[in-house]
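Let's take a friendly walk through this model, looking at its charged pairs and then at its cores. Please have the structure open as you read.

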Amino acid sequence: MESKDEDYWNDSTNKSFNFDEDDVAVLEVPSGHGANSNKRSLFGEDTPSEVAYGNAQTELPLHMIISDENLELILQEQSRNEMTIPKGISLEEEVKLLRKKIQEFRYAPSTESVLRKVILGQPCSLEMFRSMSEKEQLLDQAIASGSGNAILKVLLFLDRTLKKKLFYSLLQMRPEAVHHYVNYLALRLKVTECTDLLVFLGRHHEASLLQFSIFVCSTSNVEFKRQRLKKIYGDYFSQPGSNSFYAQLVANYINLLEYQSSELHATGGSKAAVEIQDKSVLETLHYVCGKYKWGDTSLQTNDNPFKLAENHQISQAQFEWIALNERAKQQAWLDFDHIFEKKAWLNLKQKSFKLNIPIDRTILRLHALHAPEPVINTFLAKVEDPQRRLALARRVNSKHGTIDAMVLLKDRADLEAYRSTLESGTEERLYAENALKSLNNTWKSDAMKLIK
């Protein structure tokens with residue numbers, strides 16, 4: 001009895017009971033030909049854990065996992081490798097099948113069969129493609145397959161077996177192949193090869209940006225950056241048809257680095273000059289606004305913040321915000337006249353107050369930086385809406401600004417109530433009383449006009 005039990009468990013023909021058998025949908029592929037062909041799973045047998053996991057997830061359609069073309073390739077390759085001879089055929093037919101299979105191994109395989117193996121990741125050689133026409137056909141069919149791996153493998157083969165000029169000529173009319181090859185070279189930091197290809201194709205600005213990203217952005221050495229940028233500018237942006245926008249960006253960057261370097265030497269390596277090395281143009285503008293003698297219009301270099309902003313296309317709003325913050329931190333309130341007062345175009349003696357940054361944000365920022373009330377009142381006076389001005393004045397606790405806004409609103413009751421909250425004998429109380437008298441006179445004058 002014991003022997004019989006051992007035979008039962010050791011016999012592979014006995015099949016264990018599978019509780020999930022009815023629930024598992026297995027993709028079955030014919031492994032041979034004829035009516036008695038066995039069926040098997042495309043992905044092998046499922047284990048219980050795999051089945052349980054698969055049932056817990058949302059089932060995906062097969063076409064979302066693998067394309068119809070690639071599935072067909074897999075099925076064809078499986079049928080070739082299996083070398084299944086159908087049952088019931090004559091000896092003569094069987095010999096014919098065997099001869100056909102031998103011929104496939106004896107003679108050079110076709111382009112399609114080689115690319116099929118490349119796509120499937122099977123070992124194969126491309127060395128049998130020797131003539132230029134064969135190599136060109138191989139590349140075109142790799143591109144048509146849509147397989148990035150196949151395209152790249154063919155490109156590497158062509159690069160190895162062709163002269164550079166011939167190889168680049170093949171790529172010139174095939175932008176998809178260029179895209180794959182450029183990405184391959186850039187990811188492996190083969191900058192020289194990638195640059196040579198882009199220059200051959202006339203894509204100078206892309207070559208310069210590649211040089212910029214690899215050699216300039218990857219180092220903190222300011223002198224090396226400056227020298228490399230000059231070389232990039234000379235090599236690529238002096239060429240006909242170069243991109244003027246990128247050329248200007250590179251020229252501005254060189255100008256900025258040269259100014260930062262000159263400041264480091266001029267100040268003997270001061271802390272402030274060290275801190276702006278290899279920093280942005282806006283950070284450099286902070287530094288310039290801090291050391292500039294406002295009102296000196298003779299400077300025509302980057303030491304003049306107006307000139308620095310002009311050279312690097314800094315917007316007027318950015319300039320005003322940085323200058324305001326820098327001068328406010330140094331309590332240099334009189335310099336605001338030079339920042340915000342603009343001379344009239346026709347009459348140079350006439351000046352106007354012009355602000356390009358949001359007035360609400362400016363007033364709140366000045367209050368946070370402890371600006372004197374007269375300075376805040378100057379900006380409050382630029383708020384045209386009386387209700388908005390009153391709200392801002394109360395928020396920054398500006399007494400004069402609050403009184404002026406109430407006068408504009410002609411709100412006698414609120415002004416009288418506000419006057420009573422001010423301490424007697426103070427300048428603010430006197431200012432409120434005078435404002436109230438002025439408002440009363442205006443009210444009487446308006447009333448007399450109505451009576452008449």
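## Salt bridges and cores

In this predicted model, there are 16 salt bridges.

| Salt bridge | Distance (N to O) |
|---|---|
| Arg226 and Glu258 | 3.8 Å |
| Lys230 and Glu258 | 3.2 Å |
| Asp303 and Lys291 | 3.3 Å |

Let's begin with Arg226 and Glu258. Arg226 sits in helix H13 (residues 222-236) and Glu258 in helix H14 (residues 244-266), so their bridge ties together parts 32 residues apart in sequence. Arg226 counts as buried because its relative accessibility of 18% is under 20%, while Glu258, at 32%, is partly exposed.

Glu258 also meets Lys230 in a salt bridge. Lys230 belongs to helix H13 and Glu258 to helix H14, so this pair joins parts 28 residues apart. Lys230 is partly exposed, at 41%. A network of salt bridges links Glu223, Arg226, Lys230 and Glu258.

Asp303 is partly exposed at 22%, and so is Lys291 at 39%.

Now for the nonpolar side. The largest nonpolar core has 41 residues, and Val154, Leu155, Leu158, Phe167, Leu171 and Tyr181 touch the most other members. Helix H10 (residues 175-187) gives this core its largest share, 6 residues. A second, separate core has 35 residues, including Ala309, Ile322, Phe336 and Ile376.

Across the whole chain, 31% of the 452 residues are buried, and the secondary structure comprises 25 helices and 4 strands.

Key. Residues numbered from 1 in each chain as written. Predicted model: local features only at pLDDT ≥ 70, side-chain atom pairs only at ≥ 80, totals over all residues. Heavy atoms only, no water. Helix = DSSP H or I, 4+ residues; strand = E, 2+ residues; numbered from the N terminus. Buried < 20%, exposed > 50% of the residue type's maximum accessible area, 1.4 Å probe, protein only. Core = buried A, V, L, I, M, F, W, Y, C linked by side-chain atoms within 4.5 Å. Salt bridge = Lys/Arg side-chain N within 4 Å of Asp/Glu carboxyl O.
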